[in-house]
Protein chains: 4
Amino acid sequence: MTVRLGLLGAGRIGKVHAAAIAAIPAAKLVAVADAFPDAAKALAASSGAEVRDADAIMAADDIDAVLITTPTDLHATMIEQAAKAGKAIFCEKPIDLDVERVRACLAVVAKHGVPLMVGFNRRFDPNFVEVRRQIDAGTIGKVEMVSITSRDPAPPPADYIKRSGGLFRDMTIHDFDMARFLLGEEPVSVFASASVLVDPEIGELGDYDSASIVLTTKSGRIAQISNTRRASYGYDQRIEVLGEKGLVSADNLRATNVEIANSTGYLREPLLNFFMTRYTEAYRAEISAFIATIVSGAPVSPTGEDGLRALLLAEAALKSAKEKRVVEIAA
Amino acid sequence: MTVRLGLLGAGRIGKVHAAAIAAIPAAKLVAVADAFPDAAKALAASSGAEVRDADAIMAADDIDAVLITTPTDLHATMIEQAAKAGKAIFCEKPIDLDVERVRACLAVVAKHGVPLMVGFNRRFDPNFVEVRRQIDAGTIGKVEMVSITSRDPAPPPADYIKRSGGLFRDMTIHDFDMARFLLGEEPVSVFASASVLVDPEIGELGDYDSASIVLTTKSGRIAQISNTRRASYGYDQRIEVLGEKGLVSADNLRATNVEIANSTGYLREPLLNFFMTRYTEAYRAEISAFIATIVSGAPVSPTGEDGLRALLLAEAALKSAKEKRVVEIAA
Amino acid sequence: MTVRLGLLGAGRIGKVHAAAIAAIPAAKLVAVADAFPDAAKALAASSGAEVRDADAIMAADDIDAVLITTPTDLHATMIEQAAKAGKAIFCEKPIDLDVERVRACLAVVAKHGVPLMVGFNRRFDPNFVEVRRQIDAGTIGKVEMVSITSRDPAPPPADYIKRSGGLFRDMTIHDFDMARFLLGEEPVSVFASASVLVDPEIGELGDYDSASIVLTTKSGRIAQISNTRRASYGYDQRIEVLGEKGLVSADNLRATNVEIANSTGYLREPLLNFFMTRYTEAYRAEISAFIATIVSGAPVSPTGEDGLRALLLAEAALKSAKEKRVVEIAA
Amino acid sequence: MTVRLGLLGAGRIGKVHAAAIAAIPAAKLVAVADAFPDAAKALAASSGAEVRDADAIMAADDIDAVLITTPTDLHATMIEQAAKAGKAIFCEKPIDLDVERVRACLAVVAKHGVPLMVGFNRRFDPNFVEVRRQIDAGTIGKVEMVSITSRDPAPPPADYIKRSGGLFRDMTIHDFDMARFLLGEEPVSVFASASVLVDPEIGELGDYDSASIVLTTKSGRIAQISNTRRASYGYDQRIEVLGEKGLVSADNLRATNVEIANSTGYLREPLLNFFMTRYTEAYRAEISAFIATIVSGAPVSPTGEDGLRALLLAEAALKSAKEKRVVEIAA
């Protein structure tokens, strides 16, 4: 079986996914749509696909599944449209910045019974996959505490900040999903201390650039997340999980492991400092997993529900930071 | 000048300090007291000192300074007695488990104008000293976030837990002091999520064994602390400080740096797993610093006020964990 | 310009190169040949190329360059045939196991003035490229000593050993090339101590499985190489270069950087243990470099002369090991 | 039992040993001798010993053992004198720079049946002890290859070079001993490539400053040693032992394990760069072991024979480097 795909959005991530599809024998990119015709044309040409408009892709008989990589404000509508057309759906996170809109969208998906996978790509990073595999294998026993260090190399432009939904919904949302992926239980309370330490303009836009978040589950498992929009040494993405029998951790990645030693000391290069370079393998594996579930009929993961859960944590964190109090959430 | 010392308490820590004194040319241990005469006698013999009772040490003309390493409930009274006698004082942490008692004690010390140094030994660990030195040198610019991982290898006996003052006053208190040492600003709010994940008996005693704590300063600097009473891989003592220009971190210590590689992987030994082994150098350097300040007349550090501040943070953390809310503290 | 390629040999390495070509916009695989028609057919199908026989590829007007990935005993003849046909040539190492045959072959290549690149893929490994880049940038000053640790995870089958030309010509040859790549001067003497420590059958075949080799240049720079056919912990590929101003080194690679800590210690996974996984990036970069030189007209590197030099070092090492003496070679 | 000691030589190493003795309950430093009366006086005063002249120490009834830390040219004579006086002997390496003189000296020691321990302090370094312990425990199976990286931070003064016996007898001798300690078999052949790359003056004195040495045992086990007199990054002291089942290695030591990360990369401090700091623990453990063997009557190790063996390897290496050939030695 070959899964025939339509790609909605020919931007940066769209290109990454198109390249991933090209390397999967069981998948074929049939058509590409983009609001900018030149972008669609260029990507279609390099990937051997046609240019179609989004509606045509949704309606097409020769397309089994769609990948939605458009701007966030189009996600929910496109998901609904694809669900109604009976397509399997992969959508970049978030489904929407508004919780109620997400719930409505998921109801449509549920009604039409199509698979919906949300693009929490980090679940597919080989390092984090291995951390989870060790947990599942019982290596560290019962999980007790999760520590996530998640730091961007540099803040995005103000224009992006404005549309992003803010630190928690834009950046921490990946960490909320990762915490859920590793905790093995749903958080029931959230505390966030958030500050503007990097760039006053971010504060003027009503957002934060630095935060420490604590999630607690019903049985008392604890996840702590450390975020900043500026890490001069690269894209800092580390995970540690403490269990009753031990600790499993995933360290950062570099382009090479060359070290220079002289009278100043021993110097290794900074970390990979771009998310698309850092998570190259994760993006590939994510699309492979999506294709594989369509082929096998197995349930997709992460689901729309996972997208909703992470968003609820982000909302709670925002409330916590603003109101300087612990916020409880339904498990 | 030779600083003539009286040691009050010939237990485990008392012995460590006596050995440190023996290696300091400017110091001489004159007398040792202990409620157990045999303990005092043995330590006096091995260190070339006399056995005297505590009152005699306090009153002695041939003693310039005292080291108080008795059980906690005797600390405040002995500090006051020594202050009245005009002795310079080194006292193990905490001054007392009760904040008001500490305030009263510090008032006596202040009235008599004697130096009082509190035994936060970790400030003298060569690794943490170097972290602080790099901060002071401007290497990472303005401090933004501090991360402290502080995990005991195994829980203490129930009997100890009962007398300890609980996780925050007994164990985290070191981390509170370290956070203050590194943040460069006083915390104004505390949040603690605390659980019983390791040993139900600890919970039955009203204490916690696992916690994640977030401290926030007025300008928004954030410290996060991860504590547990059980780390199967050793005594986990790590620090990271993020600043605008970079990150400075101190990693754990091992007895050797031997590694074994085979088909299972690459194996390094567990961490040093006993606080007296892990902080051997810190204990030595702490007593050296105490002696040096007496000789030079420079102010001691950490002070009784530092002891009080750390205790206030511990109290606030306890209240936060119990009442599941953020607790503000006066800066 | 698009470089049109013919691939001679559809085996393991042939497939790797075909995949590399597919990702290079400036290159197109036109035809594939293999003694096993099914192998040629399968690779041609998956890479959008035609099946042709080797002679047809050599004679073809629509092919600019050939990649020779056949068994070693066909290399020299095919290189000569391609040179006479005016094709640019990429050939896997070695050109031949016999030095005189190599010289004769290179004479033909020289006469016809075609570019010949030899497949010392390690020169294109991103880590080793970075080591060389640091040397060229003057980071460590004048090179003094090179240390190469090069260990296979497990010995090849006896059948392979027989045809391989032996440890020095088959395995160490890569290290000889790397030593030359890093030393910045030609070795003028070789000493090799070689043993049979891993598998007596290797000794019965007249070969060695363990060796330590020292190369010395005219000015006294020294390279040492440590080889074994069995490293239980994976494919051990490390380089260190000491210069007057410092040391630059490249460490091994793993699939993930996950670490597990428990009472046994801290465990990282074994090394990548297959040369095609370890050198994935190197193989890609090597073919990219070949294509780029054809497009630009720049000289290829490494050349046939590099292939010859490495083989001369291998011959000298073999003589050294057998005769237990230092062997000089013309610089 | 208390071992009563006489110290012959109150220089740098003498002081280190005096401090070690002070911390050993079973040992007492009774007397110190030195050609410079002030040096003897100062060390005697600080260690509670008397000043005596060397002959008096040799003849004393109240001294059980001597530590010889005089200049090298006095070692053999003093060993003989002490042996005749029935003292247990600890002597710094080397016994003498001349093989025949060493043999004669050892004959005297043998005749008088006193224990003689030679100061190969590295055998007592906790890291190298652990490497050997793992070998003895069978962790890596049969030993196959040993790699020793041994590099001084900076060359000694010309004056020292002149009296030193040269690179192999002065510096590599420690590595020859370590190789023997780890190989489990005696080397039967030596090859050394030695150069003057660091300082031409060293060459003018007839010595080398850089060398790579290969030792081979009868069964084909191989040790390689990399030496230089200049490592800008510190005192580089690493060991790796490859066995049939795995690799055991000991990495370098630093004063702290602090790391600084910024846009330049991740920087750790240079290595400990002074042999007395790097081997502090080794010096202590060495004297403890000497005292313990006297108390227990167990055989000392390393012995005078070990001192001779290492010297024979140094002689062979020198001949190999000079004559550019492999040198065989009796097993």
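The model is predicted; local features need pLDDT of at least 70, side-chain atom pairs count only at pLDDT 80 or more, and totals for chains, interfaces and linings use all residues. Residues are numbered from 1 along each chain as its sequence is written, chains are lettered from A in the order in which they are written, and side-chain values use heavy atoms, without hydrogens and water.

Chain A is assigned domain 1 (3–114) and domain 2 (123–282 + 309–328), with bounds from an automatic or database domain assignment. Their C-alpha centres are 28 Å apart. In the table, contact means heavy atoms within 4.5 Å, and buried area is the accessible area (1.4 Å probe) that two parts lose on being put together, summed over both.

| Interface | Residues in contact | Buried area | Carbon and sulfur share |
|---|---|---|---|
| Chain C / chain B | 16 / 16 | about 1,300 Å² | 54% |

One salt bridge crosses the domain interface (a side-chain nitrogen of Lys or Arg within 4 Å of a carboxyl oxygen of Asp or Glu). It joins A:Lys93 to A:Asp170, with the closest N and O atoms 4.0 Å apart.

Chains C and B have two salt bridges between them, including B:Arg268 with C:Glu259 at 3.0 Å, N to O. B:Arg268 also stands opposite C:Tyr266 in S14(C). Strand S14 (residues 265–268) of chain B runs antiparallel to S14(C), joined by three bridges; strands are DSSP runs (E, at least two residues), numbered from the N terminus, and two strands pair if DSSP finds at least two bridges between them.

Terms used
Helices (H or I, at least four residues) and strands (E, at least two) are DSSP runs, numbered from the N terminus.
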